[in-house]
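Have a look at the structure on the screen, and then I'll walk you through a few spots.

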Amino acid sequence: MNALSWLNPGRWLLYLALVAALAVGYTAWREHQRELGREEVRQQFAREAQAADARRQVITQYVDRDVVRVVEKIAVVTETIIKEVPIYVPSDAPDLPAGWRLLHDAAARGQVPDPAALAHAAPVAADAAAATLTKNYGQCREAAARLIGLQEWIRLQQQAN
């Protein structure tokens, strides 16, 4: 064997080609592994999103069912109280003064009453006022129940995430 045979360019080209092939193969293998990892992560995210959607749907049904039940109960109670108005406030009860109506309407609107309106205001029958107040309070309680349900839904949705 010749002492300078290691300088043979063919041998170095062969070594260089082998190293290049290994580098290209490793790069392709590494990219393939990354893509497999990405696909696995995508699938995991999709499974988690489906599970979160299912939890949100269950939460929505749960809260809706409870809110509807409470609102229906409030409506029944309100209607029952309105039917009882003639027992507690007879129709021959004296009318409430016009000022009472003005103050009540102003309070419902959240405004200071207009003193000039007193001259044009009419008195209100006590039984009509009681029925109207009962209906208004029932609607207020229904709105409060819906708000509480919404707050519960938001809290549960945040926990589901």
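Let's begin with Glu35 and Arg42, whose side chains meet in a salt bridge, 3.4 Å from N to O. Do keep in mind as we go that this is a predicted model. How accessible are the two partners? Arg42 has a relative accessible area of 44%, so it counts as partly exposed. Glu35, with a relative accessible area of 34%, is partly exposed as well.

Now, which residues belong to the network around this pair? Salt bridges with shared partners link Glu31, Arg34, Glu35, Arg38, Glu39 and Arg42 into one network. Take Arg38, for example. Its bridge to Glu35 has the closest N and O atoms 3.2 Å apart. Arg38 is partly exposed at 36% relative accessible area, and Glu31 is partly exposed at 39% relative accessibility. Over the whole structure, the search finds 9 salt bridges.

Next, the helix packing. Helix 1 covers residues 9–88 and helix 3 covers residues 126–160; the two pack at an angle of about 170°, and their axes are 9 Å apart. Which way do they run relative to each other, parallel or antiparallel? Angles over 145 degrees count as roughly antiparallel, so helix 1 and helix 3 are roughly antiparallel to each other. The residues of their contact split into 17 nonpolar, 6 polar and 8 charged.

Staying with helix 3, there is something for those of you who like surfaces. Leu147, Leu150, Trp153 and Ile154 make up a nonpolar patch on the surface, and together they have about 340 Å² of accessible area. Trp153 is in helix 3. With 31% relative accessibility, Trp153 counts as partly exposed.

One last stop, at Pro90. Where is it? Pro90 lies in the loop between helix 1 and helix 2, the latter being residues 98–109. Pro90 is partly exposed, at 37% relative accessibility. Pro90 and Ala108 are 18 residues apart along the chain, and 25 Å separates their C-alpha atoms.

That's my tour, and I'm happy to go back to any of these spots with you.

Definitions and conventions
Residues are numbered from 1 along each chain as its sequence is written. This is a predicted model: local features need pLDDT of at least 70, side-chain atom pairs count only at pLDDT 80 or more; totals for chains, interfaces and linings use all residues. Side-chain values use heavy atoms; hydrogens and water are left out. Axes are lines fitted to C-alpha atoms, for helices over the stretch in contact, and angles run from 0 to 180 degrees between N-to-C directions. Helices (H or I, at least four residues) and strands (E, at least two) are DSSP runs, numbered from the N terminus. Angles under 35 degrees count as roughly parallel, over 145 as roughly antiparallel, 65 to 115 as roughly perpendicular and the rest as oblique. Ala, Val, Leu, Ile, Met, Phe, Trp, Tyr, Cys and Pro count as nonpolar, Asp, Glu, Lys and Arg as charged, and the others, Gly among them, as polar. Patches are made of residues with over 30% relative accessible area and no salt bridge: like charges are joined within 9 Å, nonpolar side chains (Val, Leu, Ile, Met, Phe, Trp, Tyr) within 5 Å. Accessible areas come from the Shrake-Rupley method with a 1.4 Å probe; for residues, only the protein chains shown count as cover. A salt bridge is a side-chain nitrogen of Lys or Arg within 4 Å of a carboxyl oxygen of Asp or Glu. Buried means under 20% relative accessible area, exposed over 50%, partly exposed in between (1.4 Å probe, protein chains only).
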